[in-house]
Amino acid sequence: MRIVKLKKENLFPFLEVISKEADLWAPVKKYEDKHVFKAVEDFSEIDLDYQRTIIPPRRILLPPKTNMFEATQNTYKEDFSNVSKKIIFGIHACDVNALVIMDRFYNFAYDDPYYTRARENTLILGYSCWPDEHCLCKSTNTHIVTEGYDLFFSKLDTHYLVWIGSSQGDDLIRKQPSLFNEDISDKDIQTYLNWQKEREDAFQAEIDFIDMPDLIELKYNDPLWEELGKACLACGSCTNVCPTCNCYNVYDKPILGKNASKIVRCWDACTLENYSEVAGGENFRENRADRLKLWYTHKLQAYISKYGKPACVGCGRCIVSCPVDINVLTVGKTLSGEKVDAFWKRFNLQVKKEVRK
Amino acid sequence: MENSKLKIGIYELTGCAGDALLILDCEKELIDIFNAADIQSFVMAKSDNIEGDLDIALVEGSVTTEKEIEELKDIRQRSKIVVAIGLCATVGGIQARFLDPKEWNERFKKVYGNIEMTHTKPVQSKPIDAYIDVDFYLPGCPIGKEQFLIFFTRILKGNPPEKSQNPVCVTCKYNENDCLLKKGILCLGPLTEDGCGAICINHNLPCAGCWGPLKTGNRTSEYYLLKEKGFDVEHIKKKMANYSGTKIASFLKELEKEKK
Ligand code: SF4
Ligand code: SF4
Ligand code: SF4
Ligand code: SF4
């Protein structure tokens, strides 16, 4: 691994050079305080001063709805139109780590060609960030990156330190090496270390993930799950915004006037009712409480047991998205016996009061 | 070849005719629709209609007269599959607001006076499943093109749609919209059937619920949430009832009880 230095004013010239042969995706402002990843041509749209995009960058690799293939009775034609050369620039550490988890998911027993082909053609250019009150990634140890990136940019006062994480990343630098320089001074190193220390201290949200697998096991029949189920709107938002959620549904879209169908793949969410509906109309998880238990078991237990780390990268998206405050922070804290202030809690108290009346 | 096509009838009861119009408005696909099916009856589109046995009847509109009850029962008898299309047929429409029959009678007298209807007797507006068995529901006010074409093609090919539906929030998130409800705006997305493409939220307006109520929507929780956010309870109730027809009657009754 090599670290080089890039002057701030050389960033856009560098992006210019590397985006000649690939689509450049970067964070842009969509609302006053919310950003999204977008394929940009006009670099002035890029806004690196962002917290978290509404939907994580996995949507660039597998969009919410894609056509998988067109089938007739005895032929089928695959559609890989989403596979193209892409560079995602400006991804924060949590999301880089989430993509590492995604790479594993879609490559378990079988390779998922729609994901892996898109992934093989995509370069990941990470970017340093500063936590807000919802960032949990220090607790999940995903606030730093050790793998999964081609380049990673750490912003200092007048320049970036750029970590080269892969040979493809190195190739990008080599497209115009004159933009970079290698003489990183002692002062630069000290500035970086100070910045890192300050950032470590800036995290506000925290939960202890080590205990989570045991707590989920011990509290599997806790009334907590029914309380959550009572308040949950089953809107699926927590799942759709989570960078490590990967479930999808496949359905037929028959073509009128042709004996053929498009086979469409779309994101699915285990928090939605129709997720667990099977042929014949049976549903194995009709109860919202059961569905939430599944989601949290996945995030906080199953993955930890298997890989020694949670399937949560602490991005905080569920925290800013759930209308009734059911999120990894309020659930995690409640599991560890802490008091939390959340709508789902207040709602359950209110309902109990009314029943007593 | 001709007689292997499924026989279809498209009917309109009381409504704005928007759903039938939407089918006609599928201009690009219209030839394919008429080629793929044997459209026996479609008053808005043609005059040589035949009222015989059908494979599939698509029924728009709510039931508001005794004559319509008879018409509907006749359609059911002649059809293997009956599909309710549009908000009026699926839930009763905005005209099904007065749930208490006594209140409805009073309102009726207030508007029309004591006149005697000779043509047919009016009844309180109800969705078509108040009188007949319905096999499938295609909601919307009016129904959406994309959803209609997928549904229609699937049913023609004997591949009927899934039972349970998603809320508007799903497509809203696909479109990467900022959540209005989270920001304190009264959005009915979580309680409303998906299918419109989250079109209102795409334009930064909250969902008013026009695709009709999601059967298993958690109304109680959202009601308390909105109350906590400071909305007037009558306002919340009105908003929730607006496009729900007769389908959330028991929930509204519960709220009445709570008030007392
Ligand atoms: S569980 Fe929540 S905080 Fe964790 S990765 Fe998913 S959305 Fe982010
Ligand atoms: S937990 Fe929250 S975001 Fe997730 S489905 Fe339930 S209400 Fe929606
Ligand atoms: S804006 Fe409305 S429809 Fe969209 S996610 Fe929020 S509640 Fe659901
Ligand atoms: S009111 Fe709701 S269901 Fe109707 S078009 Fe708008 S977003 Fe869609």
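These legends describe close-up views of a predicted model.

The model is predicted, so local features need pLDDT of at least 70, side-chain atom pairs count only at pLDDT 80 or more, and totals for chains, interfaces and linings use all residues. Residues are numbered from 1 along each chain as its sequence is written, chains are lettered from A and ligands numbered from 1 in the order in which they are written, and side-chain values use heavy atoms, with hydrogens and water left out.

**View 1. The two domains of chain A.** Domain 1 of chain A covers 2–62 + 84–202, and domain 2 covers 212–245 + 270–356. These bounds come from an automatic or database domain assignment. Taken over C-alpha atoms, the centres of the two domains are 30 Å apart. Domain 1 of chain A brings 23 residues to the contact, and domain 2 of chain A brings 23 residues. Contact means heavy atoms within 4.5 Å. About 2000 Å² is buried between these domains, with 62% from carbon and sulfur atoms. Buried area is the accessible area (1.4 Å probe) that two parts lose on being put together, summed over both.

View 2. One salt bridge is counted between domain 1 and domain 2 of chain A. The term means a side-chain nitrogen of Lys or Arg within 4 Å of a carboxyl oxygen of Asp or Glu. D95(A) and R317(A) form a salt bridge, with their closest N and O atoms 2.8 Å apart. On the side of domain 1 of chain A that touches domain 2, helix 3 (residues 93–105) of chain A gives the largest share, eight residues. Helices here are DSSP runs (H or I, at least four residues), numbered from the N terminus. That side of domain 1 divides into 13 nonpolar, five polar and five charged residues. Ala, Val, Leu, Ile, Met, Phe, Trp, Tyr, Cys and Pro count as nonpolar, Asp, Glu, Lys and Arg as charged, and the others, Gly among them, as polar.

**View 3. Chain B against chain A.** Here 40 residues of chain B touch 53 residues of chain A. The two chains bury about 3800 Å² between them, 53% of it on carbon and sulfur atoms. Five salt bridges cross the interface. One salt bridge joins K253(A) to E146(B), with the closest N and O atoms 3.5 Å apart. Helices 2 (30–36), 6 (145–156), 7 (168–174) and 9 (219–228) of chain B each supply at least two residues of its side. Helix 6 of chain B gives the largest share, seven residues. The chain B side holds 14 nonpolar, twelve polar and 14 charged residues.

**View 4. The shell around ligand 2.** Chain A residues surround this ligand, including C232(A), C235(A), C238(A) and C322(A). A residue belongs if one of its heavy atoms lies within 4 Å. The shell has nine nonpolar, three polar and no charged residues.

**View 5. The shell around ligand 3.** Among its residues are C169(B), C172(B), K173(B), C179(B) and C187(B). Helix 7 of chain B gives the most, three residues. By class, there are eight nonpolar, one polar and one charged.
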